[in-house]
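Please open the model in your viewer and keep the selection tool at hand.

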Amino acid sequence: MVIRREDYRPPAWLVPEVRLDFDLDAAATRVRARLSVTRNGADGEPLRLDGAGQVPLSVTVDGVAIDDWRLEGEQLVVPLAGAAHVVETEVEIAPDHNTQLMGLYASGGILCTQCEAEGFRRITYFPDRPDVLSRYTVRMTADAARYPVLLANGDPGATGTLDDGRPGIRHWAEWHDPFPKPSYLFALVAGDLAVNRGSFTTRSGRAVELGIWVREADLARTDHALDALKTSMAWDERVYGREYDLDVFNIVAVDDFNFGAMENKGLNIFNSRYILADPDTATDYDYDGIAAVVAHEYFHNWSGNRITCRDWFQLSLKEGFTVYRDQGFSADQGSAAVKRIEDVRTLRAAQFPEDAGPLAHPVRPDAYQEISNFYTATIYNKGAELIRMMATMLGPVAFRAGTDLYFDRFDGTAATCEDFVACLEEASGVDLTQFRRWYGQAGTPRVSASLSHGAGGGRATLRLAQRVPATPGQPDKQPMVLPLRLRLFGAETGRPLTDEQLVLLDQPAATIVFEAVTERPVLSINRGFSAPVIVESDRSAADLAFLSAHDDDPFARYEAMQQLMLDTLVAGAIEGSADYDAVIDAVANTLDDPDLDAAFVAEAVMLPSEAFVGDQLAVVDPDAIFRAREALRGDLARRLEARWRLAYDRAPAVPYVYSPDQKGRRRLRNVALGYLAASGAGDAAALAFAQFGAADNMTDRQAALTTLVNGDAPERDVALAAFHDRYAGNGLVLDKWFQAQALSARDDTTDRVAALATHPAFTLANPNRARSLIGAFGANQRAFHRADGAGYRFLADQLIALDRLNPQTAAKLLPPLGRWRRFDAGRAALMRAELARIVAVPGLSRDLFEQASKSLE
Ligand code: PHE
Ligand code: ZN
């Protein structure tokens with residue numbers, strides 16, 4: 001069934017108050033729900049309550065049991081005569097059989113919930129849609145030994161113990177959330193949990209008690225998350241004027257979780273990988289990710305909870321904006337330039353391919369079959385780019401005025417993307433009429449840029465043109481508004497020839513004339529990646545090398561280097577060889593530049609991924625790309641070997657400190673280690689192995705392991721075994737062990753990954769584990785695309801098995817198989833055959849069916 005945006009209708013009934021009573025038990029939990037409902041639509045409309053997987057044990061209206069209710073599909077339909085009633089239902093659910101991890105489920109002995117997007121209906125009957133906002137009172141009763149801690153949304157209320165004649169001691173706790181909220185923000189947790197407590201006083205003086213709840217054994221790894229939470233709370237006050245609004249803020253970490261984390265009101269529930277960190281088990285990258293996700297979920301309290309989405313087509317209203325907010329937060333904690341580089345890399349790795357493939361959809365989609373499939377890089381990351389473009393066009397002061405207006409006007413309501421844009425427009429006076437096309441048109445725009453300079457004439461002419469490619473269901477596109485920051489530099493002097501200007505390209509083509517340009521100009525365009533587009537320019541290798549050394553915008557400098565590398569790799573992949581000199585000189589210059597910080601250098605000297613090179617080719621040839629990249633890497637490694645050694649020897653401080661400076665140094669050192677290994681230097685494996693053994697932190701240990709895993713030195717197996725044994729029992733760390741092997745560049749990776757799928761520590765039941773092996777494997781261009789189709793078959797087998805347990809996670813891992821159009825006829829046929837095999841599986845989930853069938857079209 002297809003749900004369409006144009007079919008949106010306001011709810012026929014509202015539910016201002018809910019009382020939920022849980023008798024918790026892993027095998028059989030009783031849920032009694034008391035809904036105060038009020039009519040919001042036409043007389044005669046019955047009350048329709050969503051359900052999934054359960055049946056009503058009883059239904060009463062205004063205290064009287066009724067029997068004229070009926071089930072339509074999984075909806076419970078209750079005929080109601082008046083305008084306000086109290087409807088009570090009772091159901092029984094089985095958390096320990098819930099392998100989908102939606103609704104109420106068990107994770108390692110903890111009972112927890114996940115309701116976004118449509119999980120609440122798996123707990124009780126309810127109008128499970130985001131525009132029905134209710135005040136919740138929750139009572140939980142449970143075995144006091146097994147579940148000593150009982151948490152829910154809002155503020156804690158009464159507690160007590162109970163002697164009801166059942167074995168063991170049972171206790172209960174009540175929670176009340178004063179803020180009306182949609183059902184997808186409901187949460188409860190019951191378990192044997194320890195807490196890391198903190199406090200935060202808001203700027204108007206509210207004392208908030210903070211708690212990070214984990215298993216006792218994990219308590220020592222929660223300080224970083226707690227710090228990040230406090231920093232986020234202060235940041236949102238300072239940057240957006242947003243203050244926290246309850247007396248408590250709790251976070252619970254669980255090991256089994258479909259996504260990163262969930263912003264339930266006052267009770268965030270996290271995938272433990274985004275909470276737990278200490279130097280021995282978490283990398284710098286993990287520390288960054290924890291801070292970013294803690295901030296993201298916290299920021300949702302305003303952009304998501306206080307103001308929610310009217311319907312799921314508006315998902316980017318909360319997600320795009322909140323990603324933009326967490327990106328700003330992370331940029332403020334360290335190097336903003338490096339953060340921007342990382343965010344653009346993520347966009348290009350995850351969103352550009354989505355926008356260019358069968359699953360392309362607008363930031364505000366028009367239709368879906370399964371909403372879980374729309375928690376995508378387009379909604380999140382491209383959505384954030386849309387906010388960023390508007391912020392660029394408005395400038396910081398007007399943008400802040402716009403967000404203030406939005407928070408003020410829509411507080412306590414379920415809003416739309418249009419509401420947000422209209423607030424920015426009203427507060428700034430900037431006309432965003434044409435900009436709105438970004439919400440409706442899918443596909444990554446392409447901008448061609450060509451700069452000419454009349455000999456001696458002093459006039460430079462920049463010709464710009466845009467083209468938005470066709471995407472599924474959208475053959476013809478209108479021109480978009482593309483905010484392009486640009487600047488000209490003099491090729492001889494290296495000095496800027498113009499100020500930076502912001503060009504709004506809103507026509508199919510435009511010409512910009514620069515007068516009095518006294519020397520040959522070089523174009524720096526889309527600085528800071530001001531628009532999420534693909535720029536096609538005719539800049540020479542020399543000009544790109546020049547920009548990589550002289551541009552004053554750090555992102556543009558990085559970008560020039562990437563483009564230079566990309567052009568070289570594309571030439572290498574197509575022609576079998578290429579001229580590496582320009583890249584080698586540019587990398588040498590970057591390594592030698594004393595003014596650059598290590599983190600930036602590390603980013604700049606890394607080659608674009610194989611996948612990104614493939615995105616530039618008409619037909620992707622994974623083997624040719626791999627060869628071209630290895631050849632350039634090898635040459636870079638050998639010809640600059642002395643510099644890599646120098647970079648490697650600039651060892652960061654011991655003991656480990658997580659700070660922007662130390663992080664950058666570790667990063668550069670580990671990039672240097674990778675190059676030393678690629679140089680074929682006889683001592684490279686020994687260096688890596690020594691680092692592996694001596695490291696006092698996971699960043700260095702993992703980097704050394706990865707280097708060894710990509711090669712075939714005898715140290716490889718020794719390190720793998722040592723790593724495995726050292727971290728046996730720690731799933732989060734074993735994920736790194738699986739992932740390193742799944743991403744390995746070795747020829748035998750496909751077979752090894754198939755063997756690892758039967759390793760005792762591997763299980764499809766845990767989403768992190770599935771992603772670390774199956775997800776990583778799907779991203780390994782050469783291994784996954786092995787010409788005999790073994791990679792495709794393996795992925796399809798795994799997805800079919802995973803779909804029976806956890807459809808959401810299975811569907812998330814499908815996209816690599818859908819990229820068949822980009823490959824040669826042989827691979828395309830093999831990929832299609834696997835998609836067809838998946839689609840034909842009887843009883844396939846709606847999640848996997850939607851993704852696989854769309855991918856076949
Ligand atoms: N809303 C969550 C976030 O982005 C993501 C999420 C979606 C988590 C669906 C679980 C289920 O913060
Ligand atoms: Zn979010």
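Which feature does UniProt place at residues 542–857? The unreviewed entry gives "domain: Peptidase M1 alanyl aminopeptidase C-terminal" for residues 542–857; UniProt positions follow the numbering used here, feature names are shortened, and annotations may be inferred rather than shown by experiment.

Before selecting anything, note that this is a predicted model, in which local features need pLDDT of at least 70 and side-chain atom pairs count only at pLDDT 80 or more, while totals for chains, interfaces and linings use all residues. Residues are numbered from 1 along each chain as its sequence is written, and chains are lettered from A and ligands numbered from 1 in the order in which they are written. The protein averages a pLDDT (the predictor's confidence in each residue, from 0 to 100) of 97, and 100% of the residues score at least 70. The model scores ipTM 0.98 and pTM 0.99.

Select residues 542–857: the span is 70% helix and 0% strand, and its end C-alpha atoms lie 43 Å apart. Helices (H or I, at least four residues) and strands (E, at least two) are DSSP runs, numbered from the N terminus.

Next, select helix H22 (residues 767–779) and helix H24 (residues 790–805), whose axes come within 11 Å and cross at roughly 145 degrees; axes are lines fitted to C-alpha atoms, for helices over the stretch in contact, and angles run from 0 to 180 degrees between N-to-C directions. Show the side chains of Ala-770, Ile-774, Phe-777 and Gly-778 in H22, which meet Leu-795, Gln-798 and Leu-802 in H24, contact being C-beta atoms, placed from the backbone, that lie within 7 Å.

Now move to the sheet with strand order S29-S26-S25-S31, an open sheet of four strands with mixed pairing, where two strands pair if DSSP finds at least two bridges between them. Strand S29 (509–514) and strand S31 (534–537) stand at the edges, each with a single partner strand, so one side of each has no neighbour in the sheet. Within this sheet, strand S25 (residues 446–453) and strand S26 (residues 460–467) pair in the antiparallel sense over eight bridges, and Leu-451 has Leu-462 in S26 as its bridge partner.

Finally, turn to the open sheet of eight strands, ordered S6-S5-S9-S3-S2-S12-S15-S14 with mixed pairing. Its edge strands are S6 (64–65) and S14 (155–162), each pairing on one side only. Select strand S2 (residues 13–23) and strand S3 (residues 29–39), which run antiparallel and are joined by nine bridges; the bridge partner of Arg-19 in S3 is Arg-34.

Methods:
Contact = placed C-beta atoms within 7 Å.
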